Amino acid sequence: MTALETRALLMQLEATVEDNLDRHLASAEDWLPHEYVPWSEGRNFAALGGEPWSAGQSRLSPVARTALELNLLTEDNLPSYHAELVTTFGRHGAWGTWVHRWTAEEGRHAASIRDYLLVTRGTDPERLEQDRMATMQAGWDSGDKPLLHACAYVAFQELATRVSHRNTGRCCGDPVAERLLARIAMDENLHMIFYRNLVQAALEIAPSQTLRAIADEVAGFVMPGSVVPGFARRAVQIAQAGVYDLRIHHDDVIMPLVRHWRVFEAVGLDADGERAREDLAAAVDALDARAARFVERRAEAQARGR
Ligand SMILES: [Fe+2]
Ligand SMILES: [Fe+2]
């Protein structure tokens with residue numbers, strides 16, 4: 001897509017952005033992060049005469065700790081995501097208003113999860129800070145995705161973070177953490193709906209190009225947390241525990257959106273569009289097969305008592 005075509009598409013989609021911005025602002029609930037943190041549990045660390053952190057102080061299971069850290073470090077990289085969106089969507093008009101509003105909402109996520117973890121001594125604060133520094137210094141580079149690819153990616157990514165926060169909350173074994181993560185997941189859900197509707201509108205304006213974007217983003221999906229130190233190890237741990245795995249990614253993230261957009265029922269596609277749809281079908285099948293193999297291997301390992 002040329003710069004001129006992108007410009008035209010941004011203008012064509014602006015009315016949809018405006019409508020969805022209004023819908024979003026009407027349905028988004030303002031919430032106060034400080035209301036979700038059990039401050040009475042807080043106490044000083046060593047430098048202020050208190051006790052240094054030790055693993056025994058955390059009431060979180062190792063899996064819950066990993067999942068919360070990964071979600072937090074992913075949220076921490078917000079400046080990079082903001083830069084990506086501003087580059088793709090611009091900072092003017094309804095697009096710009098959306099990007100800034102979205103960024104302000106996302107800012108609550110890292111702040112509240114970090115407060116929770118520090119106050120409850122849920123994880124090693126020193127290592128967490130080192131990992132935050134490393135994550136933010138790595139930054140997030142989506143590889144200059146074209147506009148439609150960026151829209152498809154964020155729709156999947158917002159749903160992925162919603163599912164990840166929700167499932168992490170459930171595995172924490174702490175009603176306070178579960179309440180906080182359910183609240184954050186509601187934000188991610190509204191973000192997903194915004195982008196889902198945007199992709200829907202794009203499918204009507206440029207069906208073949210939008211289908212190509214969806215197919216490419218399903219085939220090449222990478223979690224935004226992939227730059228977090230030790231991501232592969234952490235991802236395996238949460239997949240083994242069923243917090244976020246390939247089965248969940250296929251069933252709860254990719255398929256609900258693919259079904260919602262009715263891409264397999266669309267008629268009147270040109271040759272490029274048909275090819276994109278075939279590629280999407282192949283990518284979805286391949287993901288399903290990988291998910292099946294993963295679940296099988298996990299069950300075998302569990303049966304062996306590992
Ligand atoms: Fe978030
Ligand atoms: Fe979000």
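In these legends, buried means under 20% relative accessible area, exposed means over 50%, and partly exposed lies in between (1.4 Å probe, protein chains only). The model is predicted, so local features need pLDDT of at least 70 and side-chain atom pairs count only at pLDDT 80 or more, while totals for chains, interfaces and linings use all residues. Residues are numbered from 1 along each chain as its sequence is written, chains are lettered from A and ligands numbered from 1 in the order in which they are written, and side-chain values use heavy atoms, with hydrogens and water left out.

**View 1. Meet the protein donors of the iron ion (ligand 1).** Donors here are N, O and S atoms within 2.8 Å of the metal (3.2 Å for Na, K and Ca); water is not among the atoms, so sites may look incomplete. Along the sequence, the donor residues follow the spacing E-x30-E-x2-H-x78-E. Because Glu 75 sits in helix α2 (residues 62-76) and His 109 in helix α4 (residues 93-119), this pair ties together parts that are 34 residues apart in sequence. Helices (H or I, at least four residues) and strands (E, at least two) are DSSP runs, numbered from the N terminus. Glu 75 and His 109 are both buried.

**View 2. Glu 106 coordinates two iron ions.** The iron ion (ligand 1) and the iron ion (ligand 2) are 4.0 Å apart, and Glu 106 coordinates both.

**View 3. Helices α1 and α7 pack against each other.** Helix α1 (residues 3-27) meets helix α7 (residues 175-205) at an angle of about 150 degrees, and their axes are 10 Å apart. Axes are lines fitted to C-alpha atoms, for helices over the stretch in contact, with angles from 0 to 180 degrees between N-to-C directions. The two helices are therefore roughly antiparallel, a word used for angles over 145 degrees.

**View 4. Asp 144 has a positive phi without being a glycine.** Phi of Asp 144 is near 50 degrees. You will find Asp 144 in the loop between α5 (125-138) and α6 (147-171), where Asp 144 counts as exposed at 67% relative accessibility.

**View 5. Arg 262 also has a positive phi.** Its phi is about 50 degrees, although Arg 262 is not a glycine. Arg 262 lies in the loop between α10 (246-260) and α11 (271-303), and it is exposed, with a relative accessible area of 54%.

Methods
Parallel < 35°, antiparallel > 145°, perpendicular 65-115°, else oblique.
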